[in-house]
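Please examine the model shown below.

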Amino acid sequence: MRLVKQILLFILFSQILFANEYNYNLKPKKIAENTYVLIGKKEFFTVHNGGNISNTAFIITKEGVIVIDTGSSTKYGEQMIKAIKKITDKPIVSVINTHHHPDHFLGNSAFKDAEILATKYTKKDIEENGDLYIDNLMNLTYKWMQGTKVKAPNKELVELKNKYIKLGKHKLKVIYLDGHTSSDIALYDEYTKTLFASDLIFYNRIAATPHANIKNWIRALEDLRKVDFKVLVPGHGPIATDKKPFDQVKRYLIYLDKTLKDSAEEGLSVFEILQLPKPKEFANLAMIEDEFERSVINLYPKYENALME
Ligand SMILES: [Zn+2]
């Protein structure tokens, strides 16, 4: 009898453990009328955070829900849908992927019936490299990725100026930019004056640059800065209501660019660059050591080559 009890207890505990495992604990935060965000952690992908490191959002309209980015796994997408269903019974009609990085689109496969919109470049990159991104995240987050499949966008955003996505009283302006990747879109809801800046803005967390073009990124920030927003949703980091995040990203990108240029001229090695002291204003931002190192390793060869041309 005691053994049976112990077995039953064991089953009960393992069920509780299993239920809590792989739970992103997504809590939508209302930031404007009908508008919610799910804030990710200011971290790199780990087995602990399961890739919940970027911000996603949704807007509830009379005609259905618009989702902006879907997180880094099918589990994230499924849990995002559950969180949305707790707030509204309106159907999810549109999903938008702001760019091709895996923490922004790998939840797509949970969205069975919605149209999935992205630019031509983003759609193509996801079609070509989606499986590679899954393999990479498998190594970093392990079982959180179980069941994740690539679902590429099925509708291209046409790259024309003044194009809007209209749903109910919300009118989303699609702003076509590049710099963080070769194709980034920001979305501006004219009704609530909310600007979804995608990964062109990292706030209080150092920018990731694996596919960056720093010059274009700085230009994109200057364009985006002119938008008359009330609320700013960065791709990573907390919500803002002022323009501080623009200055922070821009100053960091200028610092990174100058450090790499000067180092190439002085003939420094990657190891020597990593030993250089960091300016105070960036030293306390999340991910400074990791992202700076990744950026130096990725970008430095281009700066060295530029000197030889
Ligand atoms: Zn990104």
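Lys 123 has its place in helix α4, residues 120–141; helices here are DSSP runs of H or I with at least four residues, strands are runs of E with at least two, and both are numbered from the N terminus. The model is predicted, so local features require pLDDT of at least 70 and side-chain atom pairs count only at pLDDT 80 or more, while totals for chains, interfaces and linings use all residues. Residues are numbered from 1 along each chain as its sequence is written, and side-chain values use heavy atoms, with hydrogens and water left out.

Lys 123 counts as buried because its relative accessibility is 18%; the term buried applies under 20% relative accessible area, exposed over 50%, and partly exposed in between, with a 1.4 Å probe and protein chains only. Neighbours within four places in sequence aside, Lys 123 is in contact with Ala 118, Pro 153, Asn 154 and Glu 156, where contact means heavy atoms within 4.5 Å.

Helix α3, residues 102–105, holds His 104. At 0% relative accessibility, this histidine, His 104, is buried. Its contacts, leaving aside neighbours within four places in sequence, include Ser 54, Thr 70, Asn 97, His 99, Asp 199 and His 236. Asp 69 is joined to His 104 by a side-chain polar contact of 2.9 Å. A polar contact is a pair of N or O atoms within 3.5 Å; within protein, one atom must be able to donate a hydrogen and the other to accept it, and residues adjacent in sequence count only if both atoms are side-chain atoms. Gly 235 lies 131 residues from His 104 in sequence, yet their C-alpha atoms are 8.8 Å apart in space.

The loop between β9 and β10 contains Thr 181. Thr 181 is buried, since its relative accessible area is 1%. A polar atom of the Thr 181 side chain lies 3.0 Å from the backbone oxygen of Ser 183. Beyond neighbours within four places in sequence, Thr 181 is in contact with His 99, His 100, His 101 and His 211.

Helix α5 comprises 12 residues, 214–225, and should span 16 Å at 1.5 Å a residue; its end C-alpha atoms are 16 Å apart, in agreement. The expected span is 1.5 Å times one less than the number of residues. Buried residues of α5 include Ile 214, Trp 217, Ile 218 and Leu 221. Among the elements that cover the buried residues of α5 are β9, β10, β11, α6 and α9.

Helix α6 has 23 residues and reaches 33 Å between its first and last C-alpha atoms, close to the 33 Å expected. Its buried residues include Phe 246, Val 249, Leu 253, Leu 256 and Leu 260. Just after α6, Gly 267 takes a positive phi of about 75°.

The axes of α6 and α9 come within 9 Å and cross at roughly 50°; axes are lines fitted to C-alpha atoms, for helices over the stretch in contact, and angles run from 0 to 180 degrees between N-to-C directions. The two helices, α6 and α9, are therefore oblique to each other. Residues making this contact include Tyr 252, Leu 256 and Leu 260 of α6 and Phe 292, Leu 299 and Tyr 303 of α9. Angles under 35 degrees count as roughly parallel, over 145 as roughly antiparallel, 65 to 115 as roughly perpendicular and the rest as oblique.
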